[in-house]
Amino acid sequence: MASSQRVRSRRSALVRLILVGALAFGVLHNLLAIHNKKQHALARSLADIVAANSLGRVRKSEMDAELFDNNAFGGGGEGGKSDRGGSGSGVAASASTGKQTSAQAISPVSSSSSSSSPLTPIRGGAVSVPPGWTDRQQSAGARRNAELDAECSTGGAHADDGGRAISSVAPMYATTPSSVPSRECTNAETIPGLCRALATLLPPSSSSSGGGEERAVLLAFSSDGNPQEAVKAARATADNTGACAVIVVAGDEATAIAAAAAGVPHIRPDCGGGDAPCHRPQFAAAASVLALGADVLLVSHGVKLRGPNPLRNVPVPRGADVEGITAQESSYGQVVGMHDPAMGWSAYSQSMAVPHLLSSLVLMHATQESVRLAQWLGGGASGGDDGSSDSDVALSDELLMPAHDARQRSGATFRVLPTKCFKGPRGGGAVADAAAGFPSEPWYGAGGGGGITQRLSGENANKILTTQTFDQARGAVLRDGPIGDANIDGNCAAIAPGERVGPAPRPLRYIATPGDEWPVSCGGDLASLCDVVRRVAVKRQVLAAVSNSNILYMLGLFLDGIASANITNTVVVALDKKTADWCKGRGVAYYHRELTSLTGSTDNHATSGLKFQVLREFLTVGTSVLLSDVDVVWMRNPFGGSRLVVPPVPSDPGRYHQDQPAIYGDSDVEGMTDGWDDVSAYGFEFAGLGGTPMRRLAARNSGLFYLAATREALRMVTRLAERMRTERNTWDQTAYNEEQVWLWSSNHGGGPAGGPAPAGISTRVMNYACFQNTKYLFRYMRYDAQLYNGTAGRSLRPVSVHINYHPEKPQRMVTLIAQYLKGERDAISVWHWGEGMTFAKPCVARPGEDRLQGADLIQGSRLAQRVVDRVGEMGKSGIQHGTWAGIHGFKPRADGTLQTPWGEGKWGVIPPGESEGKDRLFVDFFSAKHMVEDKEQAQSGAAGELHLTSTRCNDGEKVTVIL
């Protein structure tokens with residue numbers, strides 16, 4: 001009985017199991033059918049979108065296999081987990097070129113000089129990680145290299161961050177517990193699916209915060225556009241070093257197809273040009289990855305990888321936005337002297353040079369500045385760099401050269417990768433050697449090289465002295481139209497932010513937060529300074545001049561210019577009591593701060609070196625400073641403000657002119673240059689020792705520069721004050737330039753002698769036509785017909801002129817004041833562009849002792865023949881003599897002798913080669929030498945009186961000579 005009941009129970013259970021199984025099968029079948037229907041519909045939809053927009057095109061079968069078998073990015077499936085902790089599934093996505101902007105849109109900036117459209121990321125492009133990539137089979141060697149620690153950043157006094165700050169982007173690509181990318185990440189990504197791809201390739205333990213896993217994404221690319229080379233580089237990296245987070249940069253469809261065929265991850269950035277490629281796709285792709293908080297290692301196909309996984313051995317973020325390799329390992333910067341004998345007293349001047357950065361091997365940390373830098377360098381139809389420069393030059397300029405005029409920089413900082421592990425071509429780095437750099441072309445163009453000699457010893461440093469290219473600076477000051485009368489005297493205002501070109505600058509890190517209490521740190525010795533800046537500063541800014549009692553006459557001239565330009569926020573830093581009393585008696589704001597130079601000297605150079613300690617104090621209390629030497633004549637208010645028009649307009653003698661601010665305020669340091677044209681001032685290509693390609697520019701002058709009250713500027717002047725206190729033979733201007741230019745290395749530190757990390761400042765060069773040096777003014781500007789017409793009284797009015805190239809400082813200041821502040825026409829014409837007055841050198845030049853040479857010069861001179869002809873006409877008319885300064889008795893003779901009221905003399909022609917090619921005569925009598933010119937050209941060719949002008953050579957006195 002019991003046995004039969006058990007049989008019936010088993011039969012019932014079996015029937016129930018069959019019924020339940022059938023029901024489950026039916027449900028699963030229906031669900032699978034619906035799922036497949038949806039997946040194939042999605043596949044067809046995405047395929048249509050991809051085909052329509054020419055982005056991320058792959059064959060339909062590949063899309064079915066790679067995109068949908070394991071869920072597209074944005075889906076909810078997990079896929080299998082690999083031993084790396086990431087998904088073992090293949091993932092990919094693409095998008096149309098719809099002009100959506102990311103939630104992390106870059107600040108507005110012009111993409112060209114004629115456009116002010118914002119430079120923002122385009123949402124589009126494609127990314128693909130093949131199935132099983134993260135848990136693929138690897139060789140024993142690759143598995144060993146994948147975990148090998150080459151100890152790249154250990155040891156060395158300068159391997160840490162040096163106390164410097166960077167604006168890191170926090171990693172946001174880690175998936176939620178359900179393996180879905182966070183909304184923050186998907187909103188920020190500019191390439192659809194990139195969040196999921198990064199989460200797959202860089203599991204949480206591999207973030208840039210450190211740890212034993214990979215710290216960055218390696219983007220493999222081909223610098224010559226060869227698809228196979230980029231794929232080979234990626235495949236070799238993965239197969240030999242065991243690296244996982246490796247992606248091929250597909251700048252075109254051919255590379256994307258090659259990467260897909262090779263089973264290698266690839267990324268296709270979209271720069272907004274449809275089928276048009278990005279100018280530098282490796283940087284465009286890097287920008288998208290960096291924006292999600294992952295570091296990027298850019299590796300070109302020519303890079304030699306030694307074995308250890310480069311992604312495990314790159315440094316974690318350490319005080320710089322970008323790390324890389326220089327074209328010359330041992331070169332961190334160079335002072336390049338120049339010798340221009342024609343300048344006389346200032347024949348020697350300095351320039352600074354830094355070696356190229358090699359774009360084939362670059363580590364970009366995930367910072368706001370790196371994102372903007374990479375996006376700009378990527379370029380494309382959405383804006384950015386136009387790709388006209390090779391990648392080495394473009395990268396070097398963006399990281400190492402200053403902003404100028406409309407051209408702004410990102411403010412990204414740089415340091416050299418650890419040289420134990422990362423070296424230049426064939427350098428033998430433990431991890432990688434960079435590929436060879438791009439061929440260097442000198443600033444004067446191809447075909448002007450020096451052959452093997454130049455390659456060994458470098459380019460002639462003085463060759464730059466021949467350059468005369470003024471288009472950029474001139475174009476900026478003439479942007480409102482030509483120079484005219486009255487106050488139509490050029491535009492030196494800072495170019496409006498919407499009209500600037502380049503990546504948006506780094507926000508300044510002010511010591512005193514804007515809007516909060518100011519000044520700050522006013523206790524102790526700084527209390528008196530705080531009292532001064534509270535009374536004087538405008539918008540937390542002052543113009544400061546450091547002076548002692550040795551130069552009170554020049555200080556007076558300086559203050560005449562300050563008063564005329566109406567710069568009310570001026571402070572004199574009085575280094576002694578006599579200067580303080582002098583200022584007090586004249587009602588001039590002053591800060592009495594007695595300091596002594598290292599040598600105890602009170603001369604100009606010694607005093608100049610004390611400025612950095614004073615500047616440190618101004619910045620400490622949160623006050624931005626425009627530092628000016630006292631041999632500067634100010635003609636406009638650099639901060640903006642009103643001033644009387646000079647010379648006055650007859651119909652409106654009280655007319656005021658409103659100056660707009662000339663300070664840009666987008667950099668920690670804005671400095672006047674010793675350069676005299678676009679090339680010398682803003683930077684050029686230079687072949688250093690051994691032919692090392694370098695970027696070089698004229699030194700920035702330490703006698704006129706603006707410091708924003710930022711942490712970086714304070715750090716720089718603190719270093720400079722210490723150097724001036726301890727380095728007896730260091731020129732303050734050399735040190736000032738070194739602190740802005742010298743590269744930072746873990747092995748070497750910062751500066752020419754090593755030491756602490758550089759300040760990490762952002763820099764700008766002032767427009768040399770607005771903040772002028774006297775080489776530019778006297779040698780070039782006054783002969784530029786677009787900017788100067790002395791006869792008509794028309795001239796560009798600069799903001800300031802610094803008498804830095806000439807020894808006659810107060811004398812030249814007097815003539816500048818006479819012309820620009822008092823309205824005396826062409827007063828500066830008395831000065832020669834070298835030493836001395838205009839007439840000095842040709843005035844005393846004479847032909848050789850050979851009488852025949854003198855006679856030949858008279859025969860060949862139009863003016864001399866006119867004099868001879870006129871004397872003949874006078875004889876025929878019964879006129880015995882001409883007049884000299886209104887005194888009768890002056891008569892030149894055809895044989896080169898002459899009669900004067902003061903005795904006999906001689907005359908002749910000044911050799912044209914000594915007279916700048918001008919037709920001039922010499923007249924010597926009574927132990928005095930004179931130079932005679934025809935100032936009335938119209939009368940020289942006609943019969944009748946001949947009016948000439950004589951300049952006495954010893955004092956420049958001018959008189960009229962009439963024949």
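Close-up 1. Leaving aside neighbours within four places in sequence, Glu808 is in contact (heavy atoms within 4.5 Å) with Ile803, Trp831, Glu835 and Gly836. With a relative accessible area of 12%, Glu808 is buried; buried means under 20% relative accessible area, exposed over 50%, and partly exposed in between, using a 1.4 Å probe and protein chains only. The side chain of Glu808 makes a polar contact with the side chain of Arg812 (2.8 Å), and a polar atom of the Glu808 side chain lies 2.7 Å from the backbone nitrogen of Gly836. A polar contact is a pair of N or O atoms within 3.5 Å; within protein, one must be able to donate a hydrogen and the other to accept it, and residues adjacent in sequence count only if both atoms are side-chain atoms.

**Close-up 2. The buried residues of helix H14**. In helix H14, which covers residues 527-536, the residues Leu529, Cys530, Val532, Val533 and Val536 are buried. Seen down the axis of H14, these buried residues fall within an arc of 160 degrees, so they line one face of the helix; the arc is that of the directions from the helix axis to the C-beta atoms. The buried residues of H14 pack against strand S17 (570-574), strand S18 (590-592) and helix H18 (611-620).

**Close-up 3. The contact of helix H10 with helix H11**. Helix H10 (residues 368-378) packs with helix H11 (residues 391-400) at an angle of about 145 degrees, and their axes are 11 Å apart. Axes are lines fitted to C-alpha atoms, for helices over the stretch in contact, and angles run from 0 to 180 degrees between N-to-C directions. On the H10 side, Leu373, Trp376 and Leu377 meet Ala394, Leu395, Glu398 and Leu399 of H11.

**Close-up 4. Lys891 in strand S33**. Lys891 lies in strand S33 (residues 887-892) and, at 29% relative accessibility, counts as partly exposed. Leaving aside neighbours within four places in sequence, Lys891 is in contact with Val871, Gln880, His881, Leu898 and Gln899.

**Notes.** Residues are numbered from 1 along each chain as its sequence is written, and side-chain values use heavy atoms, with hydrogens and water left out. Because this is a predicted model, local features need pLDDT of at least 70 and side-chain atom pairs count only at pLDDT 80 or more, while totals for chains, interfaces and linings use all residues.

Notes
Helix = DSSP H or I, 4+ residues; strand = E, 2+ residues; numbered from the N terminus.
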